[in-house]
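Here are a few friendly notes to read alongside the model. Please keep the viewer open as you go through them.

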Amino acid sequence: MTKKSISKGIIKDIVIVAVGVLVIWIGLQIAFGTQNPFYVVASGSMIPVLEVYDVLIVQGHEPFEEIEVGDIIVFNRPSDHNRVIVHRVASILDDDPRTIRTKGDANPASIPGTDFPITEKEYIGKVAYTLPQVGYITQLLKPPINYVIIAIVIGIMVVKQMTKRKKEKETTFTDTANTDDSNTIEELSDIDKIEEDSEYSEPVEKSKEIEEKEESTEIKSDTSNESEEKKD
């Protein structure tokens with residue numbers, strides 16, 4: 001029973017954590033209007049503005065039509081869409097349909113097929129916030145480090161459940177009637193020494209006196225009867 005209860009407790013904790021993470025992630029997607037609001041800078045093409053391992057928070061609600069020269073945007077590489085690029089808008093090539101050209105701040109020129117042509121189809125969002133060097137955490141979470149962290153979290157959950165069960169077992173009901181406490185035994189032994197309540201003891205004494213008087217009266221009446229019989 002104990003093992004089953006511990007496993008149920010662990011499963012419950014894991015479900016709570018998973019649901020919490022899912023709710024937070026969906027909330028962020030809705031708030032920033034993109035499937036992935038976070039991106040990690042993987043190259044030095046935007047140095048010194050963006051460093052490698054900086055985390056970018058991308059605003060997908062920013063309309064592509066309102067993007068201006070100088071904005072830093074995140075987009076899929078137009079040549080094959082198999083890579084995400086973070087570069088600055090260098091110029092507007094066309095307005096119908098809107099087409100832009102980008103360039104990395106550290107690059108000497110724009111790269112065809114990477115920096116242009118960028119249309120709304122490739123556009124993901126505009127960089128809204130930067131978290132410097134937070135991306136190092138993602139490197140730590142690569143295998144096997146991420147598995148070690150998961151094992152530690154599960155271990156903490158197991159210890160938590162075992163400690164909880166142990167405390168529940170140690171919490172027992174104490175019956176004072178069966179206690180071995182010497183003070184309690186002394187109190188119980190003094191019950192016979194409690195003084196009689198005068199309110200109830202006086203009537204008892206009076207009743208004894210009445211009974212004694214009645215007995216004496218009966219004796220007197222008996223002696224008087226005997227004396228009368230002798231006279232006769």
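**Notes on the predicted model**

1. Glu 65, Glu 66, Glu 68 and Glu 120 make up a negative surface patch. Patch members have over 30% relative accessible area and no salt bridge, with like charges joined within 9 Å and nonpolar side chains (Val, Leu, Ile, Met, Phe, Trp, Tyr) within 5 Å. A salt bridge here is a side-chain nitrogen of Lys or Arg within 4 Å of a carboxyl oxygen of Asp or Glu. Glu 120 sits in the loop between strand S5 (98-103) and strand S6 (123-131); strands are DSSP runs of E with at least two residues, and helices are runs of H or I with at least four.

2. A word on the basis of all this: the model is predicted, so local features need pLDDT of at least 70 and side-chain atom pairs count only at pLDDT 80 or more, while totals for chains, interfaces and linings use all residues. Residues are numbered from 1 along each chain as its sequence is written, and side-chain values use heavy atoms, with hydrogens and water left out.

3. Next, please look at the nonpolar patch on the surface, formed by Leu 131, Val 134, Ile 137, Leu 140, Leu 141, Ile 145, Ile 149 and Val 153, which together have about 620 Å² of accessible area (Shrake-Rupley method, 1.4 Å probe). Helix H2 (136-140) and helix H3 (145-170) are the elements that each give two or more residues to this patch. H3 contributes the most, three residues, and Ile 137 is placed in H2.

4. The largest pocket has a volume of about 330 Å³. A pocket is an open set of points on a 1 Å grid where a 1.4 Å probe fits, with protein on both sides within 12 Å along at least five of seven lines; lining residues have an atom within 4 Å of a point. Of the 17 lining residues, Ser 43, Arg 83, Val 84, Ile 85 and Val 86 lie nearest the pocket centre. Strand S1 (38-40) and strand S4 (84-95) are the elements giving two or more residues to the lining, and S4 has the largest share, with four.

5. Finally, some backbone details. Most residues other than glycine have a negative phi, and most peptide bonds are trans. Ile 47 and Pro 48 are joined by a cis peptide bond with omega about 10 degrees, and Pro 48 is in the loop between S1 and strand S2 (55-59). Another cis bond links Phe 116 and Pro 117, with omega about 0 degrees; Pro 117 is in the loop between S5 and S6. His 81, not a glycine, has a positive phi of about 60 degrees and is in the loop between strand S3 (72-76) and S4.

How values were computed:
Lys and Arg count as positive and Asp and Glu as negative; His and the chain ends are not counted. The place of a charge is taken as NZ of Lys, CZ of Arg, CG of Asp or CD of Glu. Grid points are joined across faces, edges and corners, and a volume is the space filled by probe spheres set on the points.
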